[in-house]
Amino acid sequence: MTQGAGQGPEVERTATLRDFRVPAYVHETGPFHQDQQDDTAPPAEESYPEGYTPTQRDLPVIHRGDTLQVPVDPAPAAPAPQPAAGPGPLFVVGDVHGYLDELMTALREQGLINDAGQWCAGTTRLWFLGDFTDRGPDGIGVIDLVMRLSAEAAAAGGYCKALMGNHELLLLGAKRFGDTPVNSGAGTATFQAAWLLNGGQKTDMDRLQDHHLQWMARLDAVEQVDGYLLVHSDTTAYLDFGDSIEAVNDNVRETLTRNDADECWDLFRKFTKRFSFRDEGGADAVRTLLDTYGGTRIVHGHSPIPYLLGEVGSEDDEEGTGPVVEGPHVYADGLAIAMDGGVTMAGKLLVHQLPLEH
């Protein structure tokens, strides 16, 4: 007990039930507001004395039966880290030129898409070498497919990418500049006339949308993968745009961004050059590109294999009388691989896995 006033010094006090009363701000049915009265609150004079220390009896006692005993299994061992998977197989696709059905067939034959046309090749890497439109019936359908496969392949851990071809430049120019005269070096010309002359399809132009134009304008011109230097055209004109892959790609994109008709025409004209690797000195031309941009072999489209073999003179020879193309053409001392099977000339749309034997 606590002695009354004048009864001597305080003695150690033992906690009683009153010591554990609910504080004034807590009530059985909820918190009290400060203006509510709590009849159970201890008087101020019975507050704990200065220097009070709880004794063992002040502490709640928990008996074994008051708690639920829950067995705890030991934590499972963390799985051993798996080695990072390497890149998947590498495939390249030659010029498509609007032949969507032939492309779908070739991709299915290589196990890259399923019967529904969806990516089913996991971590495989797929490169298109350019020229998606013109001459064939459904260039926009081809672009739509490549754009969709790019998203599906990325989701599966692989990729589907594409290079800039001269026909992408031609379609961009025809859409942007139309009949605006440009200095062609041999008199005046227009992108519209050149596009029609090179197989431009009205149905493609009618279906061309902004996202198609943006996608084409952002394509790279040169890439190197697994020691293969990938380009669209069999020309050394890439050297005019820089001495590194990054410089070439940046300069091509910047030229398109400036939107100058003459500059874009000059870019298109250089991308249309061909046969730099075919004739005498061809192997040296390939080596110049490889020395500049890296890689050990060059892979290109643009020039149909029947052209390179000298057995067909032009893409107007569509009677099927040219050589039968069964696969890529390796030439220039084994340093160059041509991937345009001549689908516009009753040839074959090539989809092939690298590496390729000499």
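**Exercise 1. Work out the order of the strands in the open sheet, and find its edges.**

Step 1. Strands here are DSSP runs of E with at least two residues, helices are runs of H or I with at least four, and both are numbered from the N terminus. Two strands pair if DSSP finds at least two bridges between them.

Step 2. The open sheet has 4 strands in the order 5-4-3-13, with mixed pairing.

Step 3. Strand 5 and strand 13 (351-354) are the edge strands, since each pairs on one side only.

Step 4. From one strand to the next, the twist averages 20°. Angles run from 0 to 180 degrees between N-to-C directions, and axes are lines fitted to C-alpha atoms, for helices over the stretch in contact.

A word on the model: it is predicted, so local features need pLDDT of at least 70 and side-chain atom pairs count only at pLDDT 80 or more, while totals for chains, interfaces and linings use all residues. Residues are numbered from 1 along each chain as its sequence is written, and side-chain values use heavy atoms, with hydrogens and water left out.

**Exercise 2. Describe how helix 1 and helix 2 pack.**

Step 1. Two packed helices are described by the angle between their axes and the distance between the axes.

Step 2. For helix 1 and helix 2 the angle is about 30°, and the axes are 9 Å apart.

Step 3. Now look at the contact (heavy atoms within 4.5 Å). Leu-100, Leu-103, Met-104 and Leu-107 in helix 1 meet Gly-141, Val-142, Leu-145 and Leu-149 in helix 2.

**Exercise 3. Find where His-329 sits and what surrounds this residue.**

Step 1. His-329 belongs to strand 11 (residues 329-331).

Step 2. With a relative accessible area of 18%, His-329 is buried.

Step 3. Leaving aside residues up to four places away in sequence, His-329 touches Ile-305, Leu-308, Leu-309, Ala-336, Ile-337 and Ala-338.

Methods
Buried < 20%, exposed > 50% of the residue type's maximum accessible area, 1.4 Å probe, protein only.
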